[in-house]
Every structure is written in C-alpha cells, then in structure tokens.
Amino acid sequence: MARIAVIGAGIAGLSAAHDLTSFGHEVAVLESSDIPGGRMADRIVNGICTHTGASGLFSFNRELLSLVNEVGMGDDLMTVEDDAFGTLVDNGKMTYGLRMTFNPWYMLGHPAFGLRTKLRLARMLPDILRARRTDPCLMQTAIHLDDESVTDYITRKVSSEFLENYVEPYFRAPGHWEPEWLSRGLFLSFLGNVVGAKQVFFRRGIGQLTRRLAQRLNVRLNEKALAIEPSEAGCSIRISATAGGERVEAYDLVVCAVQGSRVAALLPKQHLPAVFGDVQYTRGARVYYSLSDRNFEDRSVWYTRGSSSRLSLFAAWSNDTIVPEGFEQPAYVQCEMTPQRSEEIERQGLQGQLDACVRGDVAAIAPELHSRIVSCAEQWWDDMIPVWYPGFAVKAAAFLEAQGRNRSRVYFCGDYLSQPHAGAACASGRNVARTVIRHWRGT
C-alpha cells in the first residue's frame, strides 16, 4: 500500500482520504487551519456559530449522501420544505418570494414576471430536460452546454426580466456571482437536476460530516504544506507547523485538495498543469451580528442590482438550532455584501474592517435590530467560490481526462474541478480516490 498525503481537510480532501484509507493506503491529511472542514465547517466566533462557506445540501448530492450513510450518519440528516425559509427578493421596485428549487408552476404565477416572460419560459423546457442527463456534481458532463454566459442565454431564450428578477438574485446571494460571469452549462445542469430535488441539512450544523470524517482519519491540524517536490520515486513536502517550525516529509503520492487558486504556490512550474492558470474565484464578505433578544420575526431578503442596497443578502434568525451539539446559537443577523462591494473592500484594503463596512446597512434595513447588536463575527474569503465561466468546463474536462489516464505522483480534486458546491467537492474527492486506487492498485 502507498503512503499518501492529502493536502487540505475540506470535504474534497476528507472524502478522498476516507476512500483511500478504506482501501488500505496509509493516509495523512495536512490542514493549515485549526479546524477541519474547509468551506464546509462550523466555526464559533465571538459567541456566534458561523458557516465557513456552505450551509446546506441538495438531495442530488449522491456521492456525499452515500458517504453520509457509510459513516453511519443517515439519521443526522433533515429535509426541509422548499419554502420553509420564506426567502424574499427586493429588486428596487417590489418585494416577492423566491423558492430554492425550480418549480415551473410556481413561476407561471409569479408576480415579478409579465405575460411575455411566462410564455417564453416554455422555451427553456427542452434544455432543462436535456440537462437532467448531466451530473450536477460533475461539470465535465455539461461541456456540450459550455458555450455562452448565463446572461446571454437567458436574455436570448426568455427575457432580461427573468434574468434580473429570478436568476440574478439566486446567483448573487448564495453564490456571490453575477450571471454574466458564468457558463450556461453550470446554470442548466443545476436547474435540470434541482427540479423535484429537496434541500438537506445536518441537524448539528454543516460541519457535522467533516467533523466525523476528521475523527476517523489521520488529520493533522495547524500544519501547512508550503511546497511539493515530485520525483520519479515519490514526493517531498515542505511543511510549516504552528507548534514546531518547518520540516520535510516524504510520501509516495500526494492528493492536492486545496482551492485551485492556491495550487500554483505549491508546485514547481514544470509540474504545474496548465489548467491552473485558468482557475478563477470570487471574493466574498460576510458579517454576523448576535442580538440581545429573540423577540422579532424571522426574515431573509436577497437583493438584485435594481435595488439600492450594498448587500446581496440580509437575514435575521431568532432561533437557529442547526448548530454543533452543546452550542446554543443566539438570535443573529447575517449580511452578505454584493460582489461589487466586496471588490471595493479589497481595493481599499478593508478586509479586516467588515463591521465598519456593513453596520450602516443594517441600521438602514432594520434599525430595530441594529439597536440590539451585542457582538460581531466577520468573514472574508480571497477565494470564496470558483467561477465556472464559459469555456472553463471544457478545459477542466480535458485536464480530468488526462489525470484519469496518466499515472502520476500528484493528483488534484476540489469544487473547481467538479461544480461549485459541497456535494460536488465530495464527488471530486471520491473520484480522485478511485483514480489513485486504479493507478496504484499493485503498490
């Protein structure tokens, strides 16, 4: 059996490590943070349980849900009705409801769309039905749709009204994207498979699975891989540990499960696949505020570019119970800044001053809640979510085909090679583990 290092304890790395360990390989997971989970974790900051990225799943995340059952966590899942959270959208002219999954009948009665838009929605149905054959966790299955942006596709196929009032808020609030940045392949693959899908949550927070996996694996926290040096005989990894300076360790193989934007810093240029020069991520800013009491009505509002808000999402929750066991979440407000505001914060170097950047917005939106703020938790991501722009799926698919064909000392996985959500990152990790096992079965 091989001695393997997995760099990164996000869901992609932990999924790969789980499958490789189950096969019999000796696996060490190196994680630079002090908690496992990457962007699928819960972190307590100033008395508030925050999400490090993802917050929920969909029932089409087959690889992840299969893994959940394998580690005996099936009873820890809960399914939530589509309209349970009552999400609203503010487009600057009106406020209306938005469901997390796509329901054509709901759309036909929607107040934000005129008759022309509703009639033209039928033009999307053949594309949606064809897209159901794609895997919404593996973008390489949608390369035949990777030929134009979401904006161009929706404007051509339906209307700018549908783009601005439905598609745009859906991308901006949870994903921190603008639709003109993204491939229609991503949109259609997701849309085709979200019809009839359900939202799924872990009862003890989004990090419940990654915590369980980390307990079962050899995960070494606070150990950052600084450089990988591949050779014909194996790989040397230079590691910086919080507790004890730098050292070099030798492994037979490495699975690199960090964000795609961080890969170039780890490998010598001659060993760096060309696709990593094409990986793009969004910047992201989120702020949580704990509140002094629970005496208010829950609300969640997403904002389009038609509104005057500098937020893409404002949510106030009086009683959130989806948190780690033993922790009681206070009532809180959650704010997501628009992509444009996040870019402005980066230009001005204000990444460490997010409270000052957003507190005035809270006062304008909900002055009665602003006066009850007790504490604040700030989150900034340099690489929040990968941008699957038109043409990138073709490049990623070519890379994955080569990775699957050619035995190597270094392998790669993550949401930038699958699709931009936790279920896809898990699928990527499990797929790369299968590739390693197939390539090195006799080792």
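How many bridges join strand β15 (residues 284–291) to β18? I count five, and the two strands run antiparallel. I take two strands as paired if DSSP finds at least two bridges between them. Helices (H or I, at least four residues) and strands (E, at least two) are DSSP runs, numbered from the N terminus.

Before going on, I note that this is a predicted model, in which local features need pLDDT of at least 70 and side-chain atom pairs count only at pLDDT 80 or more, while totals for chains, interfaces and linings use all residues. Residues are numbered from 1 along each chain as its sequence is written, and side-chain values use heavy atoms, with hydrogens and water left out.

**Entry: strand β18**

I looked next at the other partner. Strand β17 (residues 311–317) is joined to β18 by six bridges, again antiparallel. I checked Tyr 332 in β18: Ser 290 stands opposite this residue, and Trp 317 has Tyr 332 as its bridge partner.

I then looked up burial (buried is under 20% relative accessible area, exposed over 50%, partly exposed in between; 1.4 Å probe, protein chains only). Six of the six residues of β18 (residues 332–337) are buried, so the strand is largely enclosed by the rest of the structure. Tyr 332, Gln 334 and Glu 336 point one way, Val 333, Cys 335 and Met 337 the other way, and all are buried.

**Entry: helix α13**

Which residues of α13 are buried? I list Phe 392, Ala 393, Ala 396, Ala 397, Phe 399, Leu 400, Gln 403 and Gly 404. They cover an arc of only 165 degrees around the axis, which puts them on the same side of α13; the arc is that of the directions from the helix axis to the C-beta atoms. An α-helix has 3.6 residues a turn, so residues three or four places apart point the same way. The buried residues of α13 pack against β20 (410–412) and α14 (422–439), where contact means heavy atoms within 4.5 Å.

**Entry: whole chain**

I find 14 helices and 20 strands in the chain. The radius of gyration, taken over C-alpha atoms, is 22 Å, close to the 22 Å that the globule rule (2.2 Å times the number of residues to the power 0.38) gives for 443 residues, so the chain is as compact as a globular protein of that length. The C-alpha atoms fill a box of roughly 65 × 50 × 45 Å along the principal axes. I note that 59% of the 443 residues count as buried.
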